[in-house]
Amino acid sequence: MSAPGNLVSTLETPLRWGDMDAYGHANNTVYFRFFEEARITWFSSLNVGGPEEPTGPVIIKTSATFLKELTHPASIIVETYADRAGNTSLDTYYLLKDAKTGEVYSEGYAKVVWVDRTARTSTALPDTLRQLAAR
């Protein structure tokens, strides 16, 4: 399985015991937290969108396809891909994989819109992100 766009970041992290639910596997909300952590870590590495900045990201649409049950203990890798860049938005995709075997647990998506935090309106996507996008 592959994600559209350019691979822009890889994050390795463990599945924590507290990420499990009563059914004995990672709760579906945890996948979105992994995608979020990967995205924020990537933005931070580029010095864009930090909480002290006047502009930053807002997610307007997100989705996940759950392909394989994720259970503790596990070490995972989240790959982040940047695809289509618009004037104010960026399509991002995620693959959540087993760090040892490379098996894919989940595929994810988030549409990021860049906003002016004071005016509370969309604003131009940073050139740094635009340049990393596939299209």
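Predicted model: local features only at pLDDT ≥ 70, side-chain atom pairs only at ≥ 80, totals over all residues.
Let me start with strand 5, residues 104-116. Ten of its 13 residues are buried, so the strand is largely enclosed by the rest of the structure.

What does strand 5 pair with? One partner is strand 2, residues 55-66, and the two run antiparallel over eleven bridges. If you want a place to look, find proline 57, which sits opposite tryptophan 114 of strand 5.

Another partner is strand 4, residues 89-98, again antiparallel, with nine bridges. Here threonine 92 has alanine 110 of strand 5 as its bridge partner. Strands 4 and 5 make a hairpin with five residues between the strands, and glycine 102 there has a positive phi near 80°.

Then there is strand 6, which is residues 121-122. Two bridges join it to strand 5, and the pair is antiparallel. Aspartate 116 is bridged to threonine 121 in strand 6. This pair is a hairpin too, with four residues between the strands, and arginine 120 in the turn shows a positive phi of about 60°.

Now the aromatic rings. How many aromatic pairs does the structure hold? There are six. Take phenylalanine 32 and phenylalanine 35: their ring centres are 6.1 Å apart and their planes stand at 80°, so this pair is edge-to-face, the cut-off being over 60 degrees. Both belong to helix 1, residues 28-45, and because they are three residues apart, about one helical turn separates them. Is each one buried or exposed? Phenylalanine 32, at 30% relative accessibility, is partly exposed, while phenylalanine 35, at 2%, is buried.

A second example is tyrosine 93 with tyrosine 109. The ring centres are 5.0 Å apart and the planes are at 50°, so this pair counts as tilted. It links distant parts of the chain, since tyrosine 93 is in strand 4 and tyrosine 109 is in strand 5, 16 residues apart. Tyrosine 109 has a relative accessible area of 13%, so it is buried, the limit being under 20%.

One more point on the rings: Phe32, Phe35 and Tyr94 form one aromatic cluster.

Last, aspartate 83. It lies in strand 3, residues 75-85. Is aspartate 83 buried or exposed? Its relative accessible area is 3%, so it is buried. Leaving aside residues up to four places away in sequence, aspartate 83 touches Pro4, Gly5, Leu90, Asp91, Tyr93, Ala133, Ala134 and Arg135. Tyr93 in that list is the tyrosine whose ring pairs with tyrosine 109.

Conventions:
Residues numbered from 1 in each chain as written. Heavy atoms only, no water. Buried < 20%, exposed > 50% of the residue type's maximum accessible area, 1.4 Å probe, protein only. Contact = heavy atoms within 4.5 Å. Pairing = 2+ DSSP bridges. Phe/Tyr/Trp six-rings, centres within 6.5 Å; stacked < 30°, edge-to-face > 60°.
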